[in-house]
Structure formats: structure tokens, C-alpha cells
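Thanks for coming. I have one structure to go through today, so please have the sequence and the coordinates open while I talk.

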Amino acid sequence: MNLDLDDVSYGVDGTAILSDVSLSVGSGEVVTVIGPSGAGKTTLLRLAALFERPTGGALRCDRTDPWALSREDRLAVRRRIGMVFQRASLFETSVARNVDIGRRIRRPWPQRLRGFGRRLADRLVRDEPTVDDRVLEALELVGLGDAWDRDAASLSGGEAQRVSFARALATDPDLLVLDEPTSDLDPRNTAILEQAIDRSRERGHGVLLATHDMHQAERVSDRVAFLLDGELVEIGPAERVFEDPRDERTARFVRGDLLYDDNELLA
Ligand SMILES: Nc1ncnc2c1ncn2[C@@H]1O[C@H](COP(=O)(O)OP(=O)(O)OP(=O)(O)O)[C@@H](O)[C@H]1O
């Protein structure tokens with residue numbers, strides 16, 4: 001899926017949170033949004049995943065404005081997008097069911113009912129619970145292939161975050177939207193998720209990622225966008241943005257110099 005944001009703005013109760021943001025994510029491309037806390041990264045990702053409607057400008061998925069479609073048609077577009085939130089929220093059931101839930105709620109109702117019938121028939125002919133290949137494959141991608149029958153409540157924070165990621169992968173989304181998916185993870189778990197991002201890219205999925213981790217942005221991105229106070233300061237190939245930023249504010253941010261002092265913008 002090609003996602004295009006054209007001068008997109010978003011405001012709540014008259015307060016601007018994003019102003020005139022233009023960016024695109026193509027198939028097989030990883031675009032990373034960096035910026036200080038409160039810059040608007042999560043809001044931008046929520047717009048990209050169709051959770052919120054822009055208050056200005058245009059957003060298009062494969063050249064179609066999903067907000068101009070009927071609710072049902074917009075949901076069909078929405079089903080092609082997988083979002084992983086900053087904090088994992090899992091249901092109190094097995095790991096496999098947690099991953100499967102993501103796939104099921106993305107299916108239209110007739111398919112869901114057929115799936116229910118199949119599972120019921122499965123249960124009648126065998127005692128063992130069955131796990132869908134897609135679910136296992138997604139769990140293997142995040143290094144949790146052996147954990148499918150574990151209780152989600154028994155997982156560590158890092159494992160839970162990987163299960164959330166697997167839930168999004170199992171839907172085979174055209175576009176993955178990842179909001180700081182590794183912020184609470186140790187280096188090993190972070191490396192596993194970065195590999196999964198690479199695999200998604202190889203499969204031709206687009207990835208829109210927000211991260212606070214500059215090294216991660218350098219490692220995984222094709223292009224990097226720097227967001228500051230709701231405005232996109234610059235966007236370009238990762239190497240260029242990190243090594244030769246065009247804007248002084250980007251330079252200061254990637255160098256790690258503080259842009260804020262007592263909440264006052266210094267730039
Ligand atoms: N629904 C809302 N109503 C009012 N203000 C909001 C709303 N959503 C976000 N904001 C404000 O918009 C700004 C951007 O928030 P956002 O969460 O998008 O930033 P962020 O870059 O993701 O921050 P962080 O890196 O800390 O997660 C913040 O000042 C936030 O308080």
C-alpha cells in the first residue's frame with residue numbers, strides 16, 4: 001500500500017497538534033519519525049493507521065481518501081494496516097489466541113463465521129488445540145515460536161511486546177505502523193524486533209515507525225522524518241538526515257543537544 005499525507009493537519013478543540021505534514025510511505029519502505037517528546041509522533045501514526053481523521057489536508061491510501069469512503073469500505077482499508085502501540089495490551093488467554101485475535105477481528109463477518117465453524121469442527125475431532133500456521137509463523141518471526149501455548153499473563157514485558165508485534169504481523173498487513181515498539185526492550189529483544197521489521201520490508205510491506213532511539217532509526221530506516229512541534233522539519237534518506245541534515249534543528253536533535261529548556265523551545 002502506498003500511503004500519502006499531503007499537508008495534513010490535526011487539531012483538537014482549536015489547538016493545532018500537527019500542521020501541514022507531508023510524507024509518504026511506499027511498499028517495502030521503512031520510514032521513521034523522530035522528534036522530541038510531545039512533537040506529535042503518536043498523533044501522526046494514529047492518523048496514518050486511520051484511527052483519527054485529519055482536520056486539514058489530504059491522506060490517501062493507494063490514491064484513495066479513506067475518509068471519503070463508506071464506513072465499511074474504510075474498514076476494509078483499515079484491515080490492511082497493522083498498528084503496534086507503545087504499550088502491549090494482551091488478553092488474559094494463551095499467546096496463540098492473542099495473536100489470532102488480531103487476524104480474526106480483521107476478517108469480514110462471513111469469513112469470521114466460517115472460521116468459527118472450522119475451529120468448532122477441529123475441536124470435535126481432536127483433543128489438542130490447533131494453531132494456525134500464520135500465527136506460528138508470526139510468533140517465530142519474533143522469536144516466540146515455542147511460546148504459543150503459554151499464558152499471556154506469564155510473559156515478561158519484552159515478550160508481551162513481541163507478542164503484540166506478532167499479532168500485527170499475523171494479519172500480513174500492507175502497512176505496519178509501529179509506535180516506539182522497542183522502548184521498553186533490552187538489546188536482545190530490540191534486535192529481534194528490528195529483524196522482524198527487516199523481514200516485513202523484504203516482504204514488500206511499508207513500515208511507518210516512531211522511535212526515540214537514534215541508532216535504531218539509523219539501522220532500520222530507508223527514510224527519516226524529523227518532527228518538531230507538530231511540523232515536519234525535514235525528511236530524507238536516513239544516511240543524509242543523520243550525516244548531513246539540512247536544518248540546524250535536526251542537526252541539534254540528532255547530535256543529542258537539547259532542543260528544550262524548561263519546556264521552552266531553544267531552536
Ligand atoms: N486528544 C488530544 N487532546 C489534546 N491534546 C492532545 C491529544 N493528543 C495529543 N495531544 C497533545 O499533542 C501533543 C503531541 O502528542 P503526541 O503523543 O502525538 O506526541 P509524541 O511525539 O508521540 O510524544 P512522546 O514521544 O512523548 O510519545 C502533546 O502536547 C499532547 O499532549
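Predicted model: local features only at pLDDT ≥ 70, side-chain atom pairs only at ≥ 80, totals over all residues.

Some totals before the details. Of the 267 residues in the protein, 39% are buried. If you take contacts between residues at least 6 apart in sequence, 67% of them join residues at least 24 apart.

Now the domains. The assignment gives domain 1 as 1–80 + 175–267, and domain 2 as 91–172. Twelve residues from domain 1 and eleven residues from domain 2 make up the contact. On the domain 1 side, α7 supplies the largest share, six residues. That side divides into six nonpolar, two polar and four charged residues.

That brings me to α7 itself, residues 187–202. Its 16 residues should span 22 Å at 1.5 Å a residue, and the end C-alpha atoms are 22 Å apart, which agrees. Which residues of α7 are buried? They are Asn189, Thr190, Leu193, Ala196, Ile197 and Ser200. These cover an arc of only 120° around the axis, so they sit on the same side of α7.

What do the buried residues of α7 pack against? The partners are the strands β3 (30–34), β6 (175–179) and β7 (206–210), along with the helices α5 (133–141), α6 (157–169) and α8 (214–220). Just after α7 comes Gly204, with a positive phi of about 90°.

In the loop between α6 and β6 we find Asp172. Asp172 has a positive phi of about 50° although it is not a glycine. Most residues other than glycine have a negative phi. With 16 other C-beta atoms within 10 Å, Asp172 is partly exposed. There is a second case, Asp229, in the loop between β8 and β9 (231–237). Its phi is positive too, near 50°. Asp229 is partly exposed, having 19 other C-beta atoms within 10 Å; the cut-off for buried is 20 or more.

Staying in that region, Phe226 lies in strand β8, residues 223–228. Phe226 has 26 other C-beta atoms within 10 Å, so it is buried. Leaving out residues up to four places away in sequence, Phe226 touches Ile34, Gly35, Val233, Glu234, Val241, Thr250 and Phe253.

Last, the ligand. Which residues are around it? The list is Val12, Ile17, Gly35, Ser37, Gly38, Ala39, Gly40, Lys41, Thr42 and Thr43. Helix α1, residues 41–48, gives the largest share of this shell, three residues. By type, the shell divides into three nonpolar, six polar and one charged.

Conventions:
Residues numbered from 1 in each chain as written. Helix = DSSP H or I, 4+ residues; strand = E, 2+ residues; numbered from the N terminus. Expected span 1.5 Å × (residues − 1). Buried ≥ 20, exposed ≤ 12 C-beta atoms within 10 Å, placed from the backbone. Arc of directions from axis to C-beta. Contact = placed C-beta atoms within 7 Å. Near = placed C-beta within 6 Å. Nonpolar A, V, L, I, M, F, W, Y, C, P; charged D, E, K, R; others polar. Domains from an automatic or database assignment.
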